[in-house]
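Here is a briefing on one protein chain.

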Amino acid sequence: MKWIFTDCFDTLLLRKYSPETVKRRWAKDVSALLEYALSYQKVYEIRKISESVMPSYYSYRDLCEEMIRRISSCISPAISFANDLKDEMYRLELKNEIDGLQVNTEHFQLLKDSSMKKAVLSDMYCGEAFIWELLKAFEIDQYIDRVFVSCDCKAAKIDLNRSLYKKVLEELQIEPQEAIMYDDMEMCCYCADQCQIQAVRVKKGLYNSKANEYKTAQKTLKDIFDTNY
């Protein structure tokens, strides 16, 4: 065994709350950046629509261009600082991801104690540089040798061909038996196993232990309303 492969989100870095909460917080920051010319609900809606029309393996920069195009159509006069806004969107995305994460200390200790090389494999629209920034923020980048992200590699852990696993094996010039994969998702572990890579499932992230916070809040408010009125 030569390499340890690990997923990033909910494996190496645990989410304190759901990805949708991260996006909503990001939308609030972008709304403030636009001096509230658009409500955060509208910014969030634009983001969700933009995500729905993105092609496979899109990057965050691609997503930003689509969002800025839609934001510009809602604001008069049209935005003239698109490039600056793209950079700010990226910065706010990174900030909100960092705020909503914490290191999985048990899993990280396993990586730290191992003499094998380590690689992060992530199905994500924010690329390698983004993941390195996250690792650096939590001071664990020095323990990682390589990062492979689906939007950069144009391949995913979960697809019909398990193409990201195959691309990583080819890039590192190793056999499947020379690597072990850690992931919180059963399907990712299954796909790794199908590539003959030994897979270990890591317990789910923190927020998964709770019910969906928006559905819970909606039900609570409805119960209060029905009781009082």
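Leucine 101 is buried, because its relative accessible area of 2% falls under the 20% cut-off. The model is predicted. Leucine 101 belongs to strand E3, which spans residues 101–103.

**Around leucine 101**

- Leaving aside residues up to four places away in sequence, leucine 101 touches Phe9, Leu13, Leu14, Arg15, Lys16, Leu134 and Phe138.
- Phenylalanine 138 is 37 residues from leucine 101 along the chain, and the C-alpha atoms of the two are separated by 9.2 Å.
- Arg15, one of the residues that leucine 101 touches, also takes part in a salt bridge with glutamate 97.

**The chain as a whole**

- The protein chain has 10 helices and seven strands.
- It holds 229 residues, and 48% of them count as buried.
- Take the contacts between residues at least 6 apart in sequence: 70% of them join residues at least 24 apart.

**Helix H1 against helix H2**

- Helix H1 covers residues 19–33 and helix H2 covers residues 40–52.
- Their axes come within 8 Å and cross at roughly 125°.
- That angle makes H1 oblique to H2.
- The crossing of H1 and H2 is right-handed.
- On the H1 side, the contact residues are Glu20, Lys23, Arg24, Trp26, Ala27, Lys28, Val30 and Ser31.
- On the H2 side, they are Tyr40, Val43, Tyr44, Arg47, Lys48 and Glu51.
- By class, the contact of H1 with H2 has seven charged, six nonpolar and one polar residue.

**Serine 31 in H1**

- Serine 31 lies in helix H1 and is among the residues of H1 that meet H2.
- Serine 31 has a relative accessible area of 2%, so it is buried.
- Beyond residues up to four places away in sequence, serine 31 touches Tyr36, Leu38, Ser39, Tyr40 and Val43.
- Tyr40 and Val43 are also listed for H2 in its contact with H1.

**Helix H2 against helix H3**

- Helix H3 runs over residues 60–74, and its axis comes within 9 Å of the axis of H2.
- The two axes cross at roughly 130°.
- H2 and H3 are therefore oblique to each other.
- H2 passes H3 in a right-handed crossing.
- H2 contributes Lys42, Ile46, Arg47, Ile49, Ser50 and Glu51 to this contact.
- H3 contributes Tyr60, Leu63, Glu66, Met67, Arg70, Ile71 and Cys74.
- The residues of the contact of H2 with H3 divide into seven nonpolar, five charged and one polar.

**Salt bridges**

- A search of the whole structure finds 20 salt bridges.
- Aspartate 7 and lysine 157 form one of them, with N to O at 3.0 Å.
- Aspartate 7 sits in the loop between strand E1 (3–6) and strand E2 (13–15), and lysine 157 in the loop between helix H7 (150–153) and helix H8 (163–172), so the pair ties together parts that are 150 residues apart in sequence.
- Aspartate 7 and lysine 157 are both buried.
- Arginine 15 and glutamate 97 form a salt bridge, with their closest N and O atoms 2.9 Å apart.
- This pair links strand E2, which holds arginine 15, to helix H4 (residues 82–99), which holds glutamate 97; the two residues are 82 apart.
- Arginine 15 is buried at a relative accessible area of 6%.
- Glutamate 97 counts as buried too, at 3% relative accessibility.

- Glutamate 20 forms a salt bridge with lysine 48, the closest N and O atoms being 3.1 Å apart.
- Glutamate 20 is in helix H1 and lysine 48 is in helix H2, 28 residues apart.
- Glutamate 20 is partly exposed, with a relative accessible area of 23%.
- Lysine 48 is partly exposed as well, at 31%.
- A network of salt bridges links Glu20, Lys23, Arg47, Lys48, Glu51 and Glu93.

Note on methods: Residues numbered from 1 in each chain as written. Predicted model: local features only at pLDDT ≥ 70, side-chain atom pairs only at ≥ 80, totals over all residues. Heavy atoms only, no water. Axes fitted to C-alpha atoms, helices over the stretch in contact; angles between N-to-C directions. Helix = DSSP H or I, 4+ residues; strand = E, 2+ residues; numbered from the N terminus. Parallel < 35°, antiparallel > 145°, perpendicular 65-115°, else oblique. Left-handed = near helix turned anticlockwise from the far one by under 90°. Contact = heavy atoms within 4.5 Å. Nonpolar A, V, L, I, M, F, W, Y, C, P; charged D, E, K, R; others polar. Buried < 20%, exposed > 50% of the residue type's maximum accessible area, 1.4 Å probe, protein only. Salt bridge = Lys/Arg side-chain N within 4 Å of Asp/Glu carboxyl O.
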